[in-house]
Amino acid sequence: MAIRAEAPRIIVAGTASGSGKTTFTCGLLQVLKDAGLSVAAGKVGPDFIDPTFHERVLGVPSRNLDLFLGNADLVCELLAEGAKGADVTVIEGVMGYYDGIALGTDASSYDVACVTKSPVILVVDARARSLSVAAEVAGFARFRSPSQVVGVVLNRVSAARYPLLKEAVERETGLPVFGFMPPIEEASLPSRHLGLVRAEEIADFRTRIDALAETLRTTLDVEAILAHARGAQPLVYRPRELPEPVPDKPVIAVAHDDAFSFYYRDSLDLLERLGAHVVPFSPLRDQELPTGTCGLYLGGGYPELHARELGANAALRTQLRVAIASGMPTIAECGGFLYLHETLEDMQGQDWPMVGAVTGRAFRTERLGRFGYVTLEACGESLLAHKGERLAAHEFHYWESEHPGNAFHARKPQSERSWDCVQATGTLYAGFPHLYLCGSPVAAKRFVDACVAYGLGAPADMGEGAW
């Protein structure tokens, strides 16, 4: 049975990456919060970092809305769940508004806007341009019908030039301009090799966001934006049918600190809905795993920036190596996969000892490796999938492995490009592809069931996968 859910919402999209979406979204979230509204946030696509900025502003998780990793019903359901009790939800787009898989719009911000029937604000970088800004806005507004675009915000514009540009854009396109964002040096957000620096690492984050919000309160027509958000149609979706939860409450230890932080909140929530007890621990600081640990989840992050400290924690490295060898069910994605190697090269080119559950060395390369969405097909029986089953995933990494594995075959969507990847057994998934367990509840249930079996002392079925 379909569900209808009221959810006032707005998508903040850009004409291209670097147009100012994240900065504007964070500023708008703070302005709305300061106005006394209850605000929720979301992020189009698989990005891990931008949601940490939303969460740092609001103090509540930001949800990923991804039409490759999940389907339309799931995206609408997650959006509706996140919007419960909120006056408005602000969703940050990904890349350029129409940029999707290959040269299509699948999984783009536009795709999500259409599926969720959400109004869209288009953020346009107007620096060093005049009437061309109107031409660009007109092109975006008319490229698809309906475009879902209800208005524009101009970025990197001075207060003196803004009235002229506003008049030109509105005259030529018929779209309202909701305001502008001038260059604000004290509110800029630093970046590194995988994109923006995580919000937790910016010591003066609160100062930057407050400065941004103070400016936007004087340069935005917030009421006009809210009017469009409140006019959004109800979300309509068919809810998921999830497997029955286990009664045993197995403890899944999730690595979470400055080295490991790339997780989908909805995937962790799903593990708990399936009966697991998710407990964070720090490979940087903790000397042992949480009491009663029956499973491990080592997510992505920046272990290469903390290789020395990770290597120095020999007690935990040893415990992890013994636990994994004994059959403790383990998911290790990207950074977590690097951590399981015998050694890891840091940013300075020095190797440090790691867990040693995976043979070989993890090393730096000079360019971004396999990047983007992939479909994984299991080559044999393993922890998360039977032979021939498929999982949606994505990759994004500069580091490589001497032994990336061959338990799964990865294929790029709408492409002939493919490769083998992942080391897997009946109790292990270890590889570069990031999984979205929320979109693969059967795989998530297998993981939880394996954790229960390990806690009960049942013998592990090691499957056909081999290290």
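# A walk through the predicted model

H341 touches M354, V355, G356, V358, T359, G360, R361, A362 and S401, leaving aside residues up to four places away in sequence, where contact means heavy atoms within 4.5 Å. This histidine sits in the loop between α12 (335–339) and β18 (343–345); helices here are DSSP runs of H or I with at least four residues, strands are runs of E with at least two, and both are numbered from the N terminus. With a relative accessible area of 0%, H341 is buried, a word used for values under 20%, while exposed stands for over 50% and partly exposed for what lies in between (1.4 Å probe, protein chains only).

The structure is a predicted model, in which local features need pLDDT of at least 70 and side-chain atom pairs count only at pLDDT 80 or more, whereas totals for chains, interfaces and linings use all residues. Residues are numbered from 1 along each chain as its sequence is written, and side-chain values use heavy atoms, with hydrogens and water left out.

One of the contacts of H341 is S401, and strand β23 (residues 399–401) also holds W399. W399 counts as buried, because its relative accessibility is 3%. Between the C-alpha atoms of W399 and V150 there are 41 Å in space, and the two residues are 249 apart in sequence.

Seven strands form an open sheet with parallel pairing, in the order β4-β3-β5-β2-β6-β7-β8, and two strands are said to pair if DSSP finds at least two bridges between them. At its edges are β4 (63–65) and β8 (177–181), each of which pairs on one side only, and from one strand to the next the twist averages 25°. Strand β2 (residues 9–14) runs parallel to strand β6 (residues 120–125) and is joined to it by four bridges; V12 has I121 in β6 as its bridge partner.

Helices pack against this sheet. Helix α4 touches β2, β3 (39–44), β4, β5 and β6, and its direction makes about 160° with that of β2; axes are lines fitted to C-alpha atoms, for helices over the stretch in contact, and angles run from 0 to 180 degrees between N-to-C directions. Helix α6 (residues 162–173) lies across β7 (149–155) and β8, running at about 145° to β8.

Two helices also meet each other: α2 (residues 49–58) and α7 (residues 205–219) pack at an angle of about 80°, with their axes 11 Å apart. The two are therefore roughly perpendicular, the term for 65 to 115 degrees, as against under 35 for roughly parallel, over 145 for roughly antiparallel and oblique for the rest. In this contact F53, R56 and V57 of α2 meet F205, R206 and I209 of α7.

L103 is found in the loop between β5 (88–96) and α4 (109–116), and this leucine is exposed, with a relative accessible area of 92%. The C-alpha atoms of L103 and Q414 are separated by 9.5 Å, although the residues are 311 apart along the chain.

How many disulfides does a search of the whole structure find? The search finds zero, a disulfide being a pair of cysteine sulfur atoms within 2.5 Å. For C114 the nearest cysteine sulfur is that of C76, 12 Å away, and C114 counts as partly exposed because its relative accessibility is 27%. For C294 the nearest is that of C451, 6.8 Å away, and C294, at 12% relative accessibility, counts as buried.
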